[in-house]
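Please open the model in your viewer and keep the sequence panel beside it. The tour below goes from one selection to the next.

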Amino acid sequence: MTILVTNTAGTFSGSYHTAVAATNKKILVSPLQGVQQHPNAKRHPTFGFTVQWQFSDSTTAFVGQCFVDHHGKETLETTWLLQEEVLSHKDTWKATRVGTSIFTRIK
């Protein structure tokens with residue numbers, strides 16, 4: 001995941017290149033859009049972002065919190081919902097997946 005600079009309103013954009021997917025299609029880099037709560041005002045801000053997958057008919061919404069340890073190491077701890085397109089209303093029971101992901105900065 002690459003996140004560009006967060007502006008003063010807390011919004012950001014970037015890209016996400018996943019290593020896993022439930023598809024046989026080629027995995028493509030996908031755009032993300034997000035917002036951080038009270039940028040620069042809190043040490044451990046909450047945030048959310050969505051990824052519009054370019055290789056499947058699904059979207060994932062991530063929400064979480066950024067933690068910074070006493071050495072300055074940042075960790076983004078998230079919970080996500082992936083919503084996949086289904087062909088009929090009766091199949092909505094299998095359209096949503098739930099999970100967690102933890103991200104750390106690579107410099």
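What follows is a walk through a predicted model, from its core to its pocket.

Begin with the largest nonpolar core, which has 14 residues, and select Tyr16, Leu32, Phe49, Val51, Trp53 and Phe62, the members that touch the most others. As a general background, nonpolar side chains in soluble globular proteins tend to be buried together.

Next, centre the view on Phe62 and, leaving aside neighbours within four places in sequence, display the residues in contact with Phe62: Tyr16, Phe47, Gly48, Phe49, Val51, Thr78, Thr79, Trp80, Ser101 and Phe103.

From that list, move to Thr78, which lies in strand S6. Is Thr78 buried or exposed? Thr78 counts as buried because its relative accessibility is 5%, and buried means under 20%. Its side chain reaches the backbone oxygen of Ser101 at 2.8 Å, and, again apart from neighbours within four places in sequence, the contacts of Thr78 include Phe47, Val63, Gly64, Gly99, Thr100 and Phe103.

Finally, turn to the largest pocket, with a volume of about 620 Å³. Of its 20 lining residues, select Met1, Ile3, Glu74, Leu76 and Arg105, which are the closest to the pocket centre. Strands S1 (2–3), S5, S6 and S7 (96–104) each give two or more residues to this lining, and the largest share, three residues, comes from S6. Coloured by class, the lining shows 12 nonpolar, five polar and three charged residues.

Note on methods. Residues are numbered from 1 along each chain as its sequence is written. This is a predicted model: local features need pLDDT of at least 70, side-chain atom pairs count only at pLDDT 80 or more; totals for chains, interfaces and linings use all residues. Side-chain values use heavy atoms; hydrogens and water are left out. A nonpolar core is a set of buried Ala, Val, Leu, Ile, Met, Phe, Trp, Tyr and Cys residues joined through side-chain atoms within 4.5 Å. Buried means under 20% relative accessible area, exposed over 50%, partly exposed in between (1.4 Å probe, protein chains only). Contact means heavy atoms within 4.5 Å. Helices (H or I, at least four residues) and strands (E, at least two) are DSSP runs, numbered from the N terminus. A polar contact is a pair of N or O atoms within 3.5 Å; within protein, one must be able to donate a hydrogen and the other to accept it, and residues adjacent in sequence count only if both atoms are side-chain atoms. On a 1 Å grid over the protein atoms alone, a cavity is a set of points where a 1.4 Å probe fits but cannot get out, and a pocket is an open set with protein on both sides within 12 Å along at least five of seven lines; lining residues have an atom within 4 Å of a point. Grid points are joined across faces, edges and corners, and a volume is the space filled by probe spheres set on the points. Ala, Val, Leu, Ile, Met, Phe, Trp, Tyr, Cys and Pro count as nonpolar, Asp, Glu, Lys and Arg as charged, and the others, Gly among them, as polar.
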